[in-house]
Amino acid sequence: MIPVPSGVQVWLATGATDMRLGMPGLALKVQEALGRNPHAGDLFAFRGRRGDLLKVLWHDGLGMSLYAKRLEKGRFIWPSPAEGVVALSPAQLGYLLEGIDWRHPQRTWRPELAG
């Protein structure tokens, strides 16, 4: 898991992204398509067309990191392409990376009594 420092903003690039892109291509996409600075320390998440592959781009002040995750089953929950850029909290990113619907997370039932 990416160690997300407090105060870091997480951005989702809506729609599908060409997953053949590496760090330079995704950084250029952040700059031109999203209108943000890829070196500002924010996290930028991109999803492939099939929905099972996610890439996260992050500059930590020392260098650029690229995190990739592919789900064995299911798809990452993603906003529609018409919404543009979507901001998430670091907690919502955690849900997203686990394959949980970050828009409406459901608390699992836990027993209240031991016996």
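Q: Which residues have the most contacts inside the largest nonpolar core?
A: This is a predicted model, in which local features need pLDDT of at least 70, side-chain atom pairs count only at pLDDT 80 or more, and totals for chains, interfaces and linings use all residues. Residues are numbered from 1 along each chain as its sequence is written, and side-chain values use heavy atoms, leaving out hydrogens and water. A nonpolar core is a set of buried Ala, Val, Leu, Ile, Met, Phe, Trp, Tyr and Cys residues joined through side-chain atoms within 4.5 Å, where buried means under 20% relative accessible area, exposed over 50% and partly exposed in between (1.4 Å probe, protein chains only). The largest such core has 17 residues, and those with the most contacts inside it are Leu12, Leu43, Leu54, Leu88 and Leu96.

Q: Which elements give two or more residues to this core?
A: Helices (H or I, at least four residues) and strands (E, at least two) are DSSP runs, numbered from the N terminus. The elements that each supply two or more residues to the core are E1, E2, E3, E5 and H2.

Q: Which residues does leucine 12 touch, not counting residues up to four places away in sequence?
A: Contact means heavy atoms within 4.5 Å. With residues up to four places away in sequence left out, leucine 12 touches Ala45, Trp78, Pro79, Gly84, Val85, Val86, Leu88, Leu96 and Trp102.

Q: What pattern does the chain follow when read along the sequence?
A: The chain has two helices and five strands. Read in sequence order, these elements give the pattern β-α-β-β-β-β-α.

Q: In what order do the five strands form the open sheet?
A: Two strands pair if DSSP finds at least two bridges between them. The edge strands are E4 (64-70) and E5 (85-88), each of which pairs on one side only. The pairing in this open sheet is mixed, and the order is E4-E3-E2-E1-E5.

Q: Which residue in E5 stands opposite alanine 13?
A: Strand E1 (residues 10-13) pairs with E5 in the antiparallel sense over four bridges. Opposite alanine 13 stands a residue of E5, valine 85.

Q: Which glycine takes a positive phi near 100° in the hairpin of E3 and E4?
A: The hairpin of E2 and E3 has five residues between the strands, and there glycine 51 takes a positive phi near 90°. The hairpin of E3 and E4 has four residues between the strands, and the residue with a positive phi near 100° is glycine 61.

Q: How many residues of E3 are buried?
A: Leu53, Lys55, Leu57 and His59 point one way from E3, whereas Leu54, Val56 and Trp58 point the other way, and all are buried. E3 is therefore largely enclosed by the rest of the structure, its buried residues being seven of the seven.

Q: Within what arc do the buried residues of H2 fall?
A: Helix H2 (residues 90-97) packs on the sheet, touching E1, E2 (43-47), E3 (53-59), E4 and E5. The buried residues of H2 are Leu93, Leu96 and Leu97. The arc is that of the directions from the helix axis to the C-beta atoms. The buried residues line one face of H2, because seen down its axis they fall within an arc of 95°.

Q: Which strands do the buried residues of H1 pack against?
A: In helix H1 (residues 23-32), the buried residues are Leu26, Ala27 and Val30. They lie on the same side of H1 because they cover an arc of only 100° around the axis, while Pro24 and Glu32 are exposed on the other side. The buried residues of H1 pack against E2, E3 and E4.

Q: At what relative accessibility does threonine 17 count as buried?
A: Threonine 17 lies in the loop between E1 and H1. Residues up to four places away in sequence aside, threonine 17 touches Leu26, Lys29, Phe46, Arg47, Gly48 and Arg49. Threonine 17 counts as buried because its relative accessibility is 6%.

Terms used: Axes are lines fitted to C-alpha atoms, for helices over the stretch in contact, and angles run from 0 to 180 degrees between N-to-C directions.
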